[in-house]
Amino acid sequence: MHAPADAAPSFETLFGRPPRVHVRAPGRVNLIGEHTDYNGGFVLPMAIPQQTEVRLAPREDRKVRAFSANLGAKGNVDEYELGQEKRGRGWLDYVQGVTHVLRAEGLTVGGFDLWLRSDVPLGSGLSSSAALEVALLRGLREAFGLTLDDVRIALLGQKVECDFVGAPVGVMDQMASSLAHGSAALFLDTRTLQYERVPLPPGVEPIVINSGVTHSHSGGDYRVRRAECERAAAQLGVAQLRDLPDAELPRAMALPDPLGRRVRHVLTENARVLATVRALRSGDLAALGPLLYDSHASQRDDYEVSVPEIDLLVDLARAEPDVLGARLTGGGFGGSVVMLARAGKGAGAAARIVARYSEKSAHKGTILVPESPSER
Ligand code: GLA
C-alpha cells in the first residue's frame, strides 16, 4: 500500500519550505453496533493502525494548495480559493468541505499548503474519509490556533460529510477517529455523545480483513436504509428508533416489509452492543462470538447490507477454531470484516482465511489487522 506514496514528492519539494504542522488521525473498525448511530443508538468502534497523515503550512493569501501523496509521482497540486469551494473534485472535496464547514461555523482559517497521505484503504468500510477530515481539522486547529476540542472536531467532520460531500452519515466514524486510540474500544452513546474506553480483555485480539469490494456512502443504499429507519420511527410515533422499547417490536413487525426487519436489526443491535461491552468487561470470551455472528446475520437478513464476498469471509471465519466471532463492519455493501480471535492466533487464522477467500472469490482479501511487522 505504500508503493505509490513512496514515489511521491515531499512537502518541501512541492512547496519549497518545510511544513509547520505534522499530524495524523486513524481509520476505525467498528466491533459492533452497525447502523445504530443515525438512530441515536450505541456503537463500539476502535482505532486501527492505518492512518491519514497531514503536513501543512499557512500561506499569506487565501489559497489552498493541496497534494495527495497517494497519487504518487503523477499527482498534481490542486488549488482553490477559500470561499470558492465547489463539490465534485474527488478527494479534494473532503478538504474543501473542511474549509467550507469551518467558515459556516465562524471559525477563521487562512490559506495553506497541504500534503496528505493515507494508508487507510478507500471504500473499505474503515473510515478513510473520517480519518482525512479529523487529521486535517487537527492540523488546522494547530496551525491557526482554533479553539476546538476533540468532540467538536468529530462533529465538524460529520458536517463535512452531510453538508458538503452529500453523504448523510452518523457520527460514529469521526468520533472514533478523533477519540479512539490504542487497543481500547470506544463505547459511545451517539445520542448524548458520552463515551467510555473499554479495553479488550488480554485473551482477545481483533482481525480486520478487507474484502476488496468497495462501496460509497454518498450512493443510494445507505441513504435508503437511513430513510427507512426515519419512516419507521415516524410511523411508530418515536423521534428515533433508540426511543422504541423492545416490547414494541411486535408493533414494528406489523409495519409493511422491510420496515419491521429494519427496526428489528436496530433494536437487537443496540442490545448486542450493551451485551458485548458487558462481555468485554467481565472477560467472558464465550459470549463474544455469538454476539458478532448474530450481528452479522442481522445485517445480512434484516438490514440487507451484506454482499456474498463478505458472507464468504464470515463463513470462512467459522471454520477457524481460534476465531471467536466475525461480522461485516462499517456501512456495508462491500468493505471489511472484523473478527475477534484468541490472542496470538489472529495472524495465522487471518492468513488462512484470506488464502481460502482468494480461491473461492474473484477478489483479493487484504489483512489490515493484525498488521504485519514489515508494513510500518
Ligand atoms: C458508515 C457511516 C457511519 C455508520 C456506519 C454504519 O460508516 O459513516 O456513520 O452509520 O456506516 O454503522
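At what angle do helix α4 and helix α6 pack, and how far apart are their axes? Before I answer, a word on the model. This is a predicted model, in which local features need pLDDT of at least 70 and side-chain atom pairs count only at pLDDT 80 or more, while totals for chains, interfaces and linings use all residues. Residues are numbered from 1 along each chain as its sequence is written, and side-chain values use heavy atoms, with hydrogens and water left out.

I begin with the helix pairs. Two packed helices are described by the angle between their axes and the distance between the axes. Helix α4 spans residues 128-144 and helix α6 spans residues 172-179; they pack at about 50°, with axes 9 Å apart. Axes here are lines fitted to C-alpha atoms, for helices over the stretch in contact, and angles run from 0 to 180 degrees between N-to-C directions. Helices (H or I, at least four residues) and strands (E, at least two) are DSSP runs, numbered from the N terminus. The two helices α4 and α6 are therefore oblique to each other; angles under 35 degrees count as roughly parallel, over 145 as roughly antiparallel, 65 to 115 as roughly perpendicular and the rest as oblique. Their crossing is right-handed, meaning that the near helix is turned clockwise from the far one by less than a right angle, and left-handed if anticlockwise.

On the α4 side, the contact (heavy atoms within 4.5 Å) involves Ala-130, Ala-131, Glu-133, Val-134 and Arg-138, and on the α6 side Asp-173, Gln-174, Ser-177 and Ser-178. By class, this contact of α4 with α6 has 3 nonpolar, 3 polar and 3 charged residues. Ala, Val, Leu, Ile, Met, Phe, Trp, Tyr, Cys and Pro count as nonpolar, Asp, Glu, Lys and Arg as charged, and the others, Gly among them, as polar.

Next, α9 and α10. The axes of α9 and helix α10 (residues 285-302) come within 10 Å and cross at roughly 165°, and α9 and α10 are therefore roughly antiparallel. This crossing is left-handed. Among the residues that meet are Arg-261, Arg-264 and Glu-269 in α9 and Asp-294, Asp-301 and Asp-302 in α10. The contact of α9 with α10 divides into 6 nonpolar, 6 polar and 8 charged residues.

Helix α10 also packs with helix α11 (residues 308-318), the axes coming within 12 Å and crossing at roughly 155°. These helices, α10 and α11, are therefore roughly antiparallel too, and their crossing is left-handed. Tyr-293, His-296 and Arg-300 of α10 make the contact with Ile-310, Asp-311, Val-314, Ala-317 and Arg-318 of α11. In this contact of α10 with α11 there are 4 nonpolar, 1 polar and 3 charged residues.

I turn to the ligand. Oxygen atoms of the ligand lie 2.5 Å from a polar side-chain atom of Asp-37, 2.7 Å from one of Glu-34 and 3.1 Å from an N or O atom in the side chain of Arg-28.

Finally, the backbone. His-35 is not a glycine, yet has a positive phi of about 60°; this residue sits in the loop between β1 (21-30) and β2 (42-43). A cis peptide bond, with omega of about 10°, joins Asp-257 and Pro-258, and Pro-258 lies in the loop between α8 (249-253) and α9 (259-282). Val-369 and Pro-370 are likewise joined by a cis peptide bond, with omega of about 0°.

Technical notes
Polar contact = N/O pair within 3.5 Å; in protein donor to acceptor, adjacent residues only side chain to side chain.
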